[in-house]
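Morning, everyone. I'll keep this brief, so please have the model up on your screens.

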Amino acid sequence: MQEGVVLSNLARAWSGLTGQSCAFAPSSDPPAPRADDACFMLPITDCVTGFSSHPRAIVLLLLGAAESQALAAAMFGLPPEQLSAADLQDAGAELCNILSASLMECLDDSSLANLGLPQPLELSRWPDLSHRGERRALFELSDQPRRLVVMLTDIHLDDSFCRE
Amino acid sequence: MQTANLAPLRVLIVDDSRAIQAIIQRVLQAASLGPLQFELAMDGEQALRLVTSFEPDLVISDWHMPKVGGLEMLQTLRQIGRHEIKVGFVTTETAERHLSQARSNGAIFVINKPFKDEDLLREVQAALASCREALKGPAPALESAEALNRLIKSQMREIPFRLIPAPGQGLDDLKLPHDLAMYVADGQKTPHALGILDVNACCILGGGGAQLQPPPVRAALQSGVPTPEMMKQADLFLRSAAGILMREPGTGPVSLKVVNLVAKPFDKLRSLMERDAGRSDYRLSVPGYGEGRMAFVRL
(Lines give C-alpha, C1' and ligand atoms only; values in the text may rest on other atoms or scores of the structure.)
Protein backbone atom coordinates (compact mmCIF):
# COMPACT_ATOMS: atom_id res chain seq x y z
CA MET A 1 0.00 0.00 0.00
CA GLN A 2 1.22 3.46 -0.82
CA GLU A 3 -0.10 5.34 2.19
CA GLY A 4 0.66 8.74 0.67
CA VAL A 5 -1.50 7.97 -2.35
CA VAL A 6 -4.39 6.82 -0.19
CA LEU A 7 -4.18 9.90 2.02
CA SER A 8 -4.12 12.12 -1.01
CA ASN A 9 -7.11 10.32 -2.55
CA LEU A 10 -9.10 10.64 0.67
CA ALA A 11 -8.38 14.37 0.84
CA ARG A 12 -9.31 14.76 -2.82
CA ALA A 13 -12.60 12.97 -2.21
CA TRP A 14 -13.56 15.15 0.75
CA SER A 15 -12.59 18.40 -0.94
CA GLY A 16 -14.24 17.33 -4.19
CA LEU A 17 -17.54 16.75 -2.42
CA THR A 18 -17.50 19.64 0.03
CA GLY A 19 -15.25 22.23 -1.58
CA GLN A 20 -13.28 22.30 1.69
CA SER A 21 -9.56 21.66 1.55
CA CYS A 22 -8.35 19.19 4.14
CA ALA A 23 -5.65 16.71 5.05
CA PHE A 24 -5.91 13.16 6.35
CA ALA A 25 -3.42 11.52 8.67
CA PRO A 26 -2.98 8.00 10.05
CA SER A 27 -4.42 7.43 13.50
CA SER A 28 -3.66 4.80 16.12
CA ASP A 29 -7.02 4.15 17.77
CA PRO A 30 -10.58 4.60 16.66
CA PRO A 31 -12.33 7.23 18.79
CA ALA A 32 -15.41 6.59 20.84
CA PRO A 33 -18.48 7.91 19.08
CA ARG A 34 -20.36 10.97 20.28
CA ALA A 35 -24.11 11.09 20.48
CA ASP A 36 -24.44 13.32 17.43
CA ASP A 37 -21.95 11.44 15.25
CA ALA A 38 -23.10 9.50 12.25
CA CYS A 39 -21.62 6.10 11.40
CA PHE A 40 -21.64 4.09 8.20
CA MET A 41 -20.37 0.70 7.11
CA LEU A 42 -19.56 -0.75 3.72
CA PRO A 43 -18.75 -4.44 3.18
CA ILE A 44 -16.10 -5.53 0.72
CA THR A 45 -16.63 -9.00 -0.68
CA ASP A 46 -14.53 -11.37 -2.75
CA CYS A 47 -16.01 -11.99 -6.13
CA VAL A 48 -15.20 -15.65 -5.41
CA THR A 49 -18.12 -15.74 -2.98
CA GLY A 50 -19.90 -12.61 -4.14
CA PHE A 51 -22.29 -12.59 -1.18
CA SER A 52 -22.63 -9.36 0.72
CA SER A 53 -23.38 -11.42 3.82
CA HIS A 54 -19.90 -12.90 3.59
CA PRO A 55 -17.56 -9.91 3.48
CA ARG A 56 -13.80 -10.16 3.54
CA ALA A 57 -13.36 -6.62 4.82
CA ILE A 58 -15.41 -3.71 6.03
CA VAL A 59 -15.00 0.02 5.82
CA LEU A 60 -16.25 2.04 8.77
CA LEU A 61 -16.87 5.77 8.65
CA LEU A 62 -17.52 8.08 11.57
CA LEU A 63 -18.64 11.58 10.74
CA GLY A 64 -19.14 14.51 13.14
CA ALA A 65 -22.42 16.43 13.08
CA ALA A 66 -20.86 19.56 11.57
CA GLU A 67 -19.10 17.53 8.90
CA SER A 68 -22.33 15.68 8.09
CA GLN A 69 -24.09 18.99 7.59
CA ALA A 70 -21.29 20.53 5.54
CA LEU A 71 -21.14 17.47 3.32
CA ALA A 72 -24.88 17.24 2.70
CA ALA A 73 -25.23 20.99 2.17
CA ALA A 74 -22.53 20.93 -0.49
CA MET A 75 -23.80 17.80 -2.21
CA PHE A 76 -27.46 18.79 -2.29
CA GLY A 77 -26.70 22.46 -2.89
CA LEU A 78 -29.00 23.47 -0.03
CA PRO A 79 -28.55 25.57 3.11
CA PRO A 80 -28.12 23.41 6.25
CA GLU A 81 -31.52 24.41 7.65
CA GLN A 82 -33.26 22.90 4.63
CA LEU A 83 -31.59 19.51 4.96
CA SER A 84 -33.52 16.54 6.31
CA ALA A 85 -32.11 13.68 8.34
CA ALA A 86 -32.50 11.51 5.24
CA ASP A 87 -30.38 13.98 3.25
CA LEU A 88 -27.59 13.76 5.85
CA GLN A 89 -27.75 9.99 5.79
CA ASP A 90 -27.74 9.83 1.99
CA ALA A 91 -24.71 12.10 1.69
CA GLY A 92 -22.83 10.26 4.45
CA ALA A 93 -23.47 6.89 2.82
CA GLU A 94 -22.19 8.19 -0.51
CA LEU A 95 -19.07 9.56 1.19
CA CYS A 96 -18.53 6.12 2.72
CA ASN A 97 -18.85 4.60 -0.75
CA ILE A 98 -16.32 6.98 -2.28
CA LEU A 99 -13.80 6.71 0.56
CA SER A 100 -14.10 2.92 0.44
CA ALA A 101 -12.94 2.90 -3.16
CA SER A 102 -9.76 4.67 -2.05
CA LEU A 103 -9.25 2.35 0.91
CA MET A 104 -9.40 -0.78 -1.28
CA GLU A 105 -5.74 0.01 -1.98
CA CYS A 106 -5.02 -0.99 1.61
CA LEU A 107 -5.97 -4.61 1.06
CA ASP A 108 -3.15 -7.04 0.31
CA ASP A 109 -4.85 -8.08 -2.88
CA SER A 110 -7.82 -6.13 -4.15
CA SER A 111 -7.92 -7.74 -7.58
CA LEU A 112 -10.92 -9.89 -6.65
CA ALA A 113 -12.54 -7.48 -4.22
CA ASN A 114 -15.96 -6.00 -4.81
CA LEU A 115 -17.38 -2.93 -3.13
CA GLY A 116 -20.71 -3.57 -1.45
CA LEU A 117 -23.38 -1.01 -0.68
CA PRO A 118 -22.90 1.54 2.10
CA GLN A 119 -25.31 1.43 4.98
CA PRO A 120 -25.92 3.48 8.13
CA LEU A 121 -24.50 1.92 11.25
CA GLU A 122 -26.00 2.32 14.71
CA LEU A 123 -23.65 4.17 17.00
CA SER A 124 -23.87 1.34 19.50
CA ARG A 125 -22.19 -1.02 17.03
CA TRP A 126 -19.19 1.22 16.38
CA PRO A 127 -17.13 0.31 19.50
CA ASP A 128 -17.38 -3.39 18.77
CA LEU A 129 -16.92 -3.31 15.00
CA SER A 130 -14.09 -0.81 15.11
CA HIS A 131 -12.07 -3.17 17.31
CA ARG A 132 -12.67 -6.44 15.52
CA GLY A 133 -10.69 -8.09 12.75
CA GLU A 134 -7.30 -7.02 11.49
CA ARG A 135 -7.17 -3.27 11.06
CA ARG A 136 -5.55 -2.38 7.74
CA ALA A 137 -5.99 1.34 7.78
CA LEU A 138 -7.23 4.04 10.11
CA PHE A 139 -7.23 7.65 8.99
CA GLU A 140 -8.76 10.83 10.28
CA LEU A 141 -9.05 14.44 9.26
CA SER A 142 -5.95 15.99 10.75
CA ASP A 143 -7.22 19.54 10.98
CA GLN A 144 -9.11 19.72 14.27
CA PRO A 145 -11.84 20.21 15.28
CA ARG A 146 -13.15 18.50 12.17
CA ARG A 147 -14.31 15.02 12.92
CA LEU A 148 -14.05 12.35 10.26
CA VAL A 149 -12.59 8.91 10.84
CA VAL A 150 -12.44 6.16 8.26
CA MET A 151 -11.02 2.69 8.68
CA LEU A 152 -10.64 -0.55 6.83
CA THR A 153 -10.69 -3.84 8.69
CA ASP A 154 -9.78 -7.13 7.11
CA ILE A 155 -12.14 -9.72 8.49
CA HIS A 156 -11.25 -12.50 6.12
CA LEU A 157 -10.43 -14.95 8.87
CA ASP A 158 -12.88 -13.67 11.46
CA ASP A 159 -15.73 -16.18 11.47
CA SER A 160 -17.78 -14.14 13.86
CA PHE A 161 -18.79 -11.81 11.00
CA CYS A 162 -20.10 -14.69 8.96
CA ARG A 163 -22.32 -15.93 11.76
CA GLU A 164 -24.13 -12.62 12.16
CA MET B 1 -31.22 28.07 -42.44
CA GLN B 2 -31.13 24.64 -40.87
CA THR B 3 -34.27 24.02 -38.89
CA ALA B 4 -33.05 23.69 -35.32
CA ASN B 5 -34.60 20.94 -33.23
CA LEU B 6 -35.44 22.64 -29.97
CA ALA B 7 -36.98 19.61 -28.29
CA PRO B 8 -35.24 18.94 -24.99
CA LEU B 9 -32.88 16.00 -24.81
CA ARG B 10 -33.82 13.51 -22.11
CA VAL B 11 -31.28 12.52 -19.49
CA LEU B 12 -31.95 9.71 -17.04
CA ILE B 13 -29.77 9.81 -13.93
CA VAL B 14 -29.53 6.49 -12.10
CA ASP B 15 -27.92 6.48 -8.67
CA ASP B 16 -28.96 5.17 -5.29
CA SER B 17 -27.66 8.40 -3.76
CA ARG B 18 -30.00 11.37 -4.10
CA ALA B 19 -27.01 13.58 -3.33
CA ILE B 20 -25.14 12.33 -6.41
CA GLN B 21 -28.30 12.70 -8.49
CA ALA B 22 -28.51 16.31 -7.31
CA ILE B 23 -24.85 17.01 -8.15
CA ILE B 24 -25.07 15.58 -11.65
CA GLN B 25 -28.30 17.42 -12.38
CA ARG B 26 -26.89 20.69 -11.03
CA VAL B 27 -23.70 20.43 -13.09
CA LEU B 28 -25.61 19.74 -16.31
CA GLN B 29 -28.22 22.42 -15.69
CA ALA B 30 -25.56 25.05 -15.08
CA ALA B 31 -23.87 24.31 -18.40
CA SER B 32 -25.02 25.52 -21.80
CA LEU B 33 -26.13 22.16 -23.10
CA GLY B 34 -29.42 23.29 -24.63
CA PRO B 35 -32.80 22.27 -23.28
CA LEU B 36 -32.62 19.16 -21.11
CA GLN B 37 -35.27 17.10 -19.38
CA PHE B 38 -34.30 14.97 -16.40
CA GLU B 39 -35.69 11.83 -14.84
CA LEU B 40 -34.22 10.16 -11.78
CA ALA B 41 -34.00 6.50 -10.78
CA MET B 42 -32.63 4.97 -7.59
CA ASP B 43 -31.51 1.68 -9.14
CA GLY B 44 -31.23 -0.19 -12.41
CA GLU B 45 -34.61 -1.87 -12.02
CA GLN B 46 -36.40 1.46 -11.73
CA ALA B 47 -34.35 2.80 -14.63
CA LEU B 48 -35.37 -0.08 -16.89
CA ARG B 49 -39.01 0.58 -16.08
CA LEU B 50 -38.57 4.28 -16.91
CA VAL B 51 -36.86 3.64 -20.22
CA THR B 52 -40.07 2.83 -22.06
CA SER B 53 -42.00 5.84 -20.75
CA PHE B 54 -39.22 8.42 -20.64
CA GLU B 55 -37.24 7.28 -23.72
CA PRO B 56 -33.94 8.79 -22.56
CA ASP B 57 -31.31 9.98 -25.02
CA LEU B 58 -28.62 9.52 -22.39
CA VAL B 59 -28.45 7.45 -19.20
CA ILE B 60 -25.87 8.45 -16.59
CA SER B 61 -25.62 5.60 -14.14
CA ASP B 62 -23.91 4.49 -10.98
CA TRP B 63 -22.43 1.00 -10.91
CA HIS B 64 -23.12 -0.36 -7.43
CA MET B 65 -26.82 -0.14 -6.66
CA PRO B 66 -29.39 -2.30 -4.91
CA LYS B 67 -31.62 -4.67 -6.92
CA VAL B 68 -30.18 -4.14 -10.40
CA GLY B 69 -26.70 -2.64 -10.73
CA GLY B 70 -25.42 -0.40 -13.51
CA LEU B 71 -23.73 -3.08 -15.62
CA GLU B 72 -26.73 -5.40 -15.39
CA MET B 73 -28.99 -2.53 -16.42
CA LEU B 74 -26.78 -1.79 -19.43
CA GLN B 75 -26.67 -5.45 -20.45
CA THR B 76 -30.45 -5.70 -20.14
CA LEU B 77 -30.92 -2.62 -22.30
CA ARG B 78 -28.80 -4.17 -25.02
CA GLN B 79 -30.53 -7.55 -24.69
CA ILE B 80 -33.93 -5.97 -25.24
CA GLY B 81 -32.61 -4.24 -28.33
CA ARG B 82 -32.21 -0.72 -26.96
CA HIS B 83 -28.83 -0.20 -28.59
CA GLU B 84 -29.56 3.43 -29.43
CA ILE B 85 -29.67 4.58 -25.80
CA LYS B 86 -26.33 6.05 -24.79
CA VAL B 87 -25.12 4.98 -21.35
CA GLY B 88 -22.26 6.45 -19.34
CA PHE B 89 -21.12 5.58 -15.83
CA VAL B 90 -20.25 7.76 -12.88
CA THR B 91 -18.93 5.29 -10.35
CA THR B 92 -16.40 4.30 -7.72
CA GLU B 93 -15.75 1.14 -9.71
CA THR B 94 -12.20 1.04 -11.04
CA ALA B 95 -11.59 -2.66 -11.69
CA GLU B 96 -10.61 -3.04 -15.32
CA ARG B 97 -12.29 -6.43 -15.55
CA HIS B 98 -15.61 -4.71 -14.82
CA LEU B 99 -15.06 -1.60 -16.86
CA SER B 100 -14.13 -3.57 -19.95
CA GLN B 101 -17.50 -5.34 -19.68
CA ALA B 102 -19.19 -1.96 -19.63
CA ARG B 103 -17.29 -0.80 -22.71
CA SER B 104 -17.99 -4.01 -24.58
CA ASN B 105 -21.70 -3.33 -23.96
CA GLY B 106 -21.34 0.10 -25.48
CA ALA B 107 -20.82 2.35 -22.44
CA ILE B 108 -19.67 5.66 -23.85
CA PHE B 109 -17.81 6.87 -20.77
CA VAL B 110 -16.77 5.90 -17.28
CA ILE B 111 -15.98 8.66 -14.79
CA ASN B 112 -14.83 7.94 -11.27
CA LYS B 113 -16.34 9.55 -8.19
CA PRO B 114 -15.65 12.11 -6.98
CA PHE B 115 -15.53 13.70 -10.39
CA LYS B 116 -14.60 17.15 -11.60
CA ASP B 117 -17.50 19.05 -13.14
CA GLU B 118 -15.52 19.65 -16.32
CA ASP B 119 -14.82 15.93 -16.77
CA LEU B 120 -18.51 15.11 -16.58
CA LEU B 121 -19.44 18.01 -18.84
CA ARG B 122 -16.90 17.04 -21.48
CA GLU B 123 -18.31 13.52 -21.75
CA VAL B 124 -21.95 14.57 -21.59
CA GLN B 125 -21.41 17.34 -24.14
CA ALA B 126 -19.94 14.85 -26.59
CA ALA B 127 -22.78 12.39 -26.01
CA LEU B 128 -25.52 14.99 -26.36
CA ALA B 129 -23.93 16.57 -29.43
CA SER B 130 -24.26 13.29 -31.27
CA CYS B 131 -27.87 12.96 -30.03
CA ARG B 132 -28.69 16.43 -31.33
CA GLU B 133 -27.06 15.61 -34.65
CA ALA B 134 -29.22 12.51 -34.94
CA LEU B 135 -32.33 14.47 -34.01
CA LYS B 136 -31.79 17.31 -36.45
CA GLY B 137 -34.72 17.98 -38.70
CA PRO B 138 -34.76 17.61 -42.44
CA ALA B 139 -32.40 19.60 -44.64
CA PRO B 140 -33.48 23.22 -45.10
CA ALA B 141 -35.21 24.37 -48.26
CA LEU B 142 -32.52 26.92 -49.10
CA GLU B 143 -28.81 26.29 -49.49
CA SER B 144 -27.90 28.66 -46.68
CA ALA B 145 -28.79 31.87 -44.91
CA GLU B 146 -25.70 33.43 -46.51
CA ALA B 147 -26.99 32.63 -50.00
CA LEU B 148 -30.35 34.24 -49.18
CA ASN B 149 -28.55 37.20 -47.69
CA ARG B 150 -26.56 37.67 -50.91
CA LEU B 151 -29.71 37.42 -52.99
CA ILE B 152 -31.53 40.04 -50.92
CA LYS B 153 -28.48 42.29 -51.05
CA SER B 154 -28.43 42.10 -54.83
CA GLN B 155 -32.11 43.10 -54.77
CA MET B 156 -31.83 45.87 -52.20
CA ARG B 157 -28.39 47.11 -53.26
CA GLU B 158 -27.35 49.86 -50.80
CA ILE B 159 -30.47 49.67 -48.65
CA PRO B 160 -29.56 48.13 -45.29
CA PHE B 161 -31.61 45.18 -44.09
CA ARG B 162 -31.59 42.49 -41.46
CA LEU B 163 -32.47 38.86 -42.10
CA ILE B 164 -33.75 37.10 -39.00
CA PRO B 165 -34.31 33.33 -38.84
CA ALA B 166 -37.91 32.51 -37.91
CA PRO B 167 -37.95 28.75 -37.40
CA GLY B 168 -41.36 27.34 -36.74
CA GLN B 169 -43.33 30.29 -38.07
CA GLY B 170 -46.81 29.29 -39.17
CA LEU B 171 -48.71 30.18 -42.31
CA ASP B 172 -50.87 32.51 -40.25
CA ASP B 173 -47.79 34.51 -39.28
CA LEU B 174 -47.42 35.56 -42.94
CA LYS B 175 -49.66 38.52 -43.65
CA LEU B 176 -52.07 38.12 -46.58
CA PRO B 177 -52.03 38.28 -49.54
CA HIS B 178 -49.11 35.94 -50.26
CA ASP B 179 -46.93 35.93 -53.34
CA LEU B 180 -46.74 32.18 -53.88
CA ALA B 181 -44.11 30.66 -56.16
CA MET B 182 -43.86 27.07 -57.33
CA TYR B 183 -40.50 25.69 -58.40
CA VAL B 184 -39.74 22.65 -60.51
CA ALA B 185 -36.52 20.80 -61.16
CA ASP B 186 -35.52 19.93 -64.71
CA GLY B 187 -36.95 16.58 -65.75
CA GLN B 188 -39.22 16.29 -62.69
CA LYS B 189 -42.99 16.19 -63.00
CA THR B 190 -43.75 16.99 -59.39
CA PRO B 191 -42.99 20.40 -57.90
CA HIS B 192 -39.67 20.77 -56.12
CA ALA B 193 -40.48 23.56 -53.65
CA LEU B 194 -42.69 26.52 -52.84
CA GLY B 195 -41.66 30.04 -51.99
CA ILE B 196 -43.94 32.44 -50.10
CA LEU B 197 -43.54 36.17 -49.55
CA ASP B 198 -46.11 37.78 -47.33
CA VAL B 199 -47.54 41.12 -48.47
CA ASN B 200 -45.10 43.06 -46.32
CA ALA B 201 -42.13 41.20 -47.80
CA CYS B 202 -43.54 41.94 -51.27
CA CYS B 203 -43.64 45.65 -50.44
CA ILE B 204 -40.16 45.64 -48.91
CA LEU B 205 -38.38 43.55 -51.53
CA GLY B 206 -40.39 45.25 -54.27
CA GLY B 207 -39.69 48.72 -52.91
CA GLY B 208 -36.04 47.88 -52.39
CA GLY B 209 -35.75 46.39 -55.88
CA ALA B 210 -37.23 49.61 -57.29
CA GLN B 211 -34.99 51.66 -54.95
CA LEU B 212 -38.01 53.50 -53.55
CA GLN B 213 -37.84 55.94 -50.68
CA PRO B 214 -39.42 54.73 -47.42
CA PRO B 215 -42.74 56.69 -47.54
CA PRO B 216 -44.32 54.85 -50.51
CA VAL B 217 -43.16 51.51 -49.12
CA ARG B 218 -44.64 52.29 -45.70
CA ALA B 219 -47.87 53.39 -47.40
CA ALA B 220 -48.08 50.09 -49.27
CA LEU B 221 -47.39 48.18 -46.06
CA GLN B 222 -50.10 50.11 -44.29
CA SER B 223 -52.71 49.57 -47.00
CA GLY B 224 -51.67 45.97 -47.62
CA VAL B 225 -51.61 46.70 -51.35
CA PRO B 226 -48.23 46.60 -53.09
CA THR B 227 -47.89 48.57 -56.30
CA PRO B 228 -47.50 46.74 -59.64
CA GLU B 229 -43.85 47.80 -59.69
CA MET B 230 -43.33 46.30 -56.23
CA MET B 231 -44.99 43.05 -57.32
CA LYS B 232 -42.83 42.89 -60.42
CA GLN B 233 -39.73 43.19 -58.25
CA ALA B 234 -41.06 40.68 -55.73
CA ASP B 235 -41.70 38.18 -58.51
CA LEU B 236 -38.18 38.77 -59.82
CA PHE B 237 -36.83 38.01 -56.37
CA LEU B 238 -38.76 34.74 -56.20
CA ARG B 239 -37.50 33.83 -59.68
CA SER B 240 -33.90 34.41 -58.59
CA ALA B 241 -34.45 32.38 -55.41
CA ALA B 242 -34.72 29.27 -57.59
CA GLY B 243 -30.93 29.37 -57.82
CA ILE B 244 -30.42 29.00 -54.07
CA LEU B 245 -32.92 26.23 -53.39
CA MET B 246 -31.41 23.08 -51.90
CA ARG B 247 -31.04 20.21 -54.35
CA GLU B 248 -30.08 16.58 -53.86
CA PRO B 249 -27.14 15.30 -55.90
CA GLY B 250 -28.37 14.35 -59.36
CA THR B 251 -31.30 16.79 -59.31
CA GLY B 252 -31.30 19.10 -62.33
CA PRO B 253 -31.46 22.90 -62.21
CA VAL B 254 -34.52 24.33 -60.47
CA SER B 255 -36.55 27.13 -61.97
CA LEU B 256 -39.68 29.10 -61.22
CA LYS B 257 -42.73 27.52 -62.84
CA VAL B 258 -45.43 29.88 -61.71
CA VAL B 259 -45.92 32.76 -59.29
CA ASN B 260 -49.27 34.14 -58.15
CA LEU B 261 -50.57 36.56 -55.60
CA VAL B 262 -53.05 34.58 -53.51
CA ALA B 263 -55.59 36.30 -51.32
CA LYS B 264 -56.35 33.34 -49.07
CA PRO B 265 -54.17 30.53 -47.78
CA PHE B 266 -55.33 27.08 -48.78
CA ASP B 267 -55.29 23.96 -46.66
CA LYS B 268 -52.82 22.12 -48.85
CA LEU B 269 -50.22 24.83 -48.33
CA ARG B 270 -50.74 24.72 -44.58
CA SER B 271 -50.32 20.94 -44.46
CA LEU B 272 -47.19 21.10 -46.65
CA MET B 273 -45.65 23.59 -44.24
CA GLU B 274 -46.59 21.49 -41.25
CA ARG B 275 -45.28 18.30 -42.82
CA ASP B 276 -41.87 20.00 -42.93
CA ALA B 277 -39.95 18.08 -45.57
CA GLY B 278 -37.45 20.92 -45.30
CA ARG B 279 -38.08 24.58 -44.60
CA SER B 280 -36.32 27.92 -44.47
CA ASP B 281 -38.21 30.65 -42.62
CA TYR B 282 -37.11 34.25 -42.20
CA ARG B 283 -38.19 37.71 -41.21
CA LEU B 284 -36.82 40.60 -43.25
CA SER B 285 -36.45 43.90 -41.48
CA VAL B 286 -35.53 47.13 -43.27
CA PRO B 287 -35.11 50.36 -41.29
CA GLY B 288 -37.61 52.94 -42.53
CA TYR B 289 -39.60 50.35 -44.51
CA GLY B 290 -40.82 47.82 -41.95
CA GLU B 291 -40.77 44.07 -41.52
CA GLY B 292 -41.98 41.20 -43.68
CA ARG B 293 -41.84 37.42 -43.68
CA MET B 294 -40.90 34.73 -46.14
CA ALA B 295 -40.85 30.95 -46.21
CA PHE B 296 -39.43 28.34 -48.57
CA VAL B 297 -40.86 24.84 -48.35
CA ARG B 298 -39.46 21.62 -49.83
CA LEU B 299 -42.05 19.30 -51.33
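Let's start with a loop. Glu55(B) sits in the loop between helix H2 (44-54) and strand S3 (58-61) of chain B. Helices (H or I, at least four residues) and strands (E, at least two) are DSSP runs, numbered from the N terminus. Glu55(B) is not a glycine, yet its phi is positive, about 50°. It counts as partly exposed, with 13 C-beta neighbours inside 10 Å. On that scale, 20 or more other C-beta atoms within 10 Å means buried, 12 or fewer means exposed, and partly exposed is in between; C-beta atoms are placed from the backbone.

Some housekeeping. This is a predicted model: local features need pLDDT of at least 70, side-chain atom pairs count only at pLDDT 80 or more, and totals for chains, interfaces and linings use all residues. Residues are numbered from 1 along each chain as its sequence is written, while chains are lettered from A and ligands numbered from 1 in the order in which they are written.

Look in the loop between helix H7 (199-209) and helix H8 (214-223) of chain B. Gln211(B) is exposed, with 11 other C-beta atoms within 10 Å. Most residues other than glycine have a negative phi, and most peptide bonds are trans.

Now the cis bonds. Lys113(B) to Pro114(B) is cis, omega near -10°. Pro114(B) falls in the loop between S5 and helix H5 (117-135) of chain B. Leu176(B) and Pro177(B) are also joined by a cis peptide bond, with omega about -5°. Pro177(B) belongs to the loop between S6 and S7 of chain B.

On to the sheet. In what order do the 6 strands of the open sheet run? The order is S6-S10-S11-S8-S7-S9 in chain B, with antiparallel pairing. Pairing here takes at least two DSSP bridges between two strands. The edges are strand S6 (162-165) and strand S9 (254-262) of chain B, each pairing on one side only. Strand S7 (residues 178-185) of chain B is joined to S9(B) by 8 bridges. In one of them, His178(B) partners Val262(B) in S9(B).

Last, the interface. 13 residues of chain B contact 16 residues of chain A. Contact means C-beta atoms, placed from the backbone, within 7 Å. Chain B's side divides into 6 nonpolar, 4 polar and 3 charged residues. Nonpolar covers Ala, Val, Leu, Ile, Met, Phe, Trp, Tyr, Cys and Pro; charged covers Asp, Glu, Lys and Arg; the others, Gly among them, are polar.

Key:
Contact = placed C-beta atoms within 7 Å.
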